[in-house]
Number of protein chains: 2
Amino acid sequence: MKLYTSRLAPNPRRVRWFMAEKGITDLEVVDIDLRAGVQKSPAYLAEVGLPVAPALILDDGVALTESLAICRYLEALYPEPNMFGRDAREAALIEMWTRRAELLVAHPLMLAVRHGHPALAVLETQIPAISETSLAQAGRALGLFERRLADCRFVGGERPTLADGVLFTGLEFARMVRFRLEETHPNLLRWQAELRARPSAEAGA
Amino acid sequence: MKLYTSRLAPNPRRVRWFMAEKGITDLEVVDIDLRAGVQKSPAYLAEVGLPVAPALILDDGVALTESLAICRYLEALYPEPNMFGRDAREAALIEMWTRRAELLVAHPLMLAVRHGHPALAVLETQIPAISETSLAQAGRALGLFERRLADCRFVGGERPTLADGVLFTGLEFARMVRFRLEETHPNLLRWQAELRARPSAEAGA
């Protein structure tokens with residue numbers, strides 16, 4: 001197996017965070033430069049099928065893309081520490097929080113950066129209204145996580161799970177547009193400080 | 001258990017499609033009217049925690065939201081026919097296709113409707129640029145599914161899976177803004193006709 005990844009990009013970083021939490025060190029990792037367009041080269045497209053990273057190339061040559069599908073496959077190969085839930089109920093609740101983290105915070109913040117940061121104008125036609133709307137949307141959604149983290153040490157419960165990785169890496173990426181947690185969210189700040197102190201914090205950064 | 005759902009809305013319809021494919025008939029379903037704002041009532045918020053549908057209320061009162069987390073929980077309770085994959089590899093590939101269907105097609109089409117259909121102006125401040133950009137993005141992504149369906153009978157492989165439900169219900173919802181598959185996509189049209197002929201096609205519509 002071989003993992004194509006890329007520094008700075010948010011979706012590869014999710015997988016690197018996940019691998020660091022799992023202690024996965026025996027997987028070949030190949031960093032590509034997305035801004036240089038390596039993902040659009042004929043060789044890459046022939047191998048992966050789409051101009052995206054991350055991509056996990058399985059031993060029979062099948063390419064698996066989508067950061068969370070890659071994490072789920074790695075969870076099956078490296079089951080401990082568990083990051084997706086130990087039974088159906090816990091798995092459903094962790095998936096719910098993972099999706100909330102992705103759809104309500106990480107994805108809008110990604111759009112805010114892509115449509116708002118000058119350096120990313122090479123990737124698409126930037127629309128300022130999308131950046132502003134997305135930033136406001138992510139900001140509003142943080143209240144939900146603040147309330148959750150008043151009750152739980154981590155987003156998914158009492159141990160780090162995929163839900164934490166998605167929220168944490170999403171917030172870290174948004175530092176590119178100077179997005180910061182505010183003091184009105186003390187539980188999020190406590191949680192962020194705890195995650196920043198873990199070795200996984202710098203994985204893929 | 002009790003499922004809160006809503007007619008016309010795309011995310012509840014995913015769950016209803018999934019239940020119909022599974023043959024789940026013994027689950028209490030309560031339809032609410034999202035445009036009338038039932039989801040914002042104190043009673044609903046006290047029970048569900050967020051103003052969203054679908055929501056599955058578990059027997060101990062815990063509310064599970066997020067359509068695909070609900071589907072995964074139902075998959076554990078009603079394992080046949082399998083809709084999420086029978087082993088780690090198949091599950092990862094189905095998750096990849098489900099995410100592509102959601103992120104590249106269904107979610108942009110949902111934004112196109114919410115920001116483009118006059119009847120939905122009650123739900124948020126509509127931004128025409130978001131509707132147009134999203135519609136174009138979904139249109140471009142269909143080529144990927146056309147190529148996939150040239151190789152496979154269904155999006156996830158040779159039987160219907162969650163990936164089909166997400167793509168199918170996303171496309172059906174976009175009929176509200178007159179979005180149609182075109183003849184340049186014969187395999188998608190063949191697949192859509194097959195899914196429209198199944199009893200699940202009208203579930204939640």
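Predicted model: local features only at pLDDT ≥ 70, side-chain atom pairs only at ≥ 80, totals over all residues.
Reader: How do you know what confidence the predictor has in chain A?
Author: pLDDT is the predictor's confidence in each residue, from 0 to 100. Chain A averages 94, and 100% of its residues score at least 70. For the complex, the predictor gives an ipTM of 0.93 and a pTM of 0.94.

Reader: What makes residues of chain A and chain B count as "in contact"?
Author: Their C-beta atoms, placed from the backbone, have to lie within 7 Å. By that rule, 20 residues of chain A touch 20 residues of chain B. On the chain A side, β4 (63-65), α3 (67-77), α4 (88-116) and α5 (128-151) each supply at least two residues. α4(A) gives the most, with eight.

Reader: And why are those pieces called helices and strands?
Author: They're DSSP runs numbered from the N terminus: H or I over at least four residues makes a helix, E over at least two makes a strand.

Reader: How many residues on that side of chain A are nonpolar, polar or charged?
Author: There are 13 nonpolar, two polar and five charged ones. Ala, Val, Leu, Ile, Met, Phe, Trp, Tyr, Cys and Pro count as nonpolar, Asp, Glu, Lys and Arg as charged, and the others, Gly among them, as polar.

Reader: What makes 2-77 and 88-202 of chain A domains?
Author: The bounds come from an automatic or database domain assignment, which divides chain A into domain 1 (2-77) and domain 2 (88-202). Nine residues of domain 1 are in contact with 13 of domain 2 in chain A, and helix α1 (residues 10-22) gives the most to the domain 1 side, with seven.

Reader: Why are β1 and β2 of chain A called paired?
Author: Strands pair if DSSP finds at least two bridges between them. Strand β1 (residues 2-5) of chain A has four bridges to β2(A), running parallel, so the two count as paired. T5(A), for one, stands opposite D31(A) in β2(A).

Reader: Which strands of that sheet are at the edge?
Author: The open sheet runs β2-β1-β3-β4 in chain A, with mixed pairing. β2 (28-31) and β4 of chain A are the edge strands, each pairing on one side only.

Technical notes
Residues numbered from 1 in each chain as written. Chains lettered and ligands numbered in written order. Contact = placed C-beta atoms within 7 Å.
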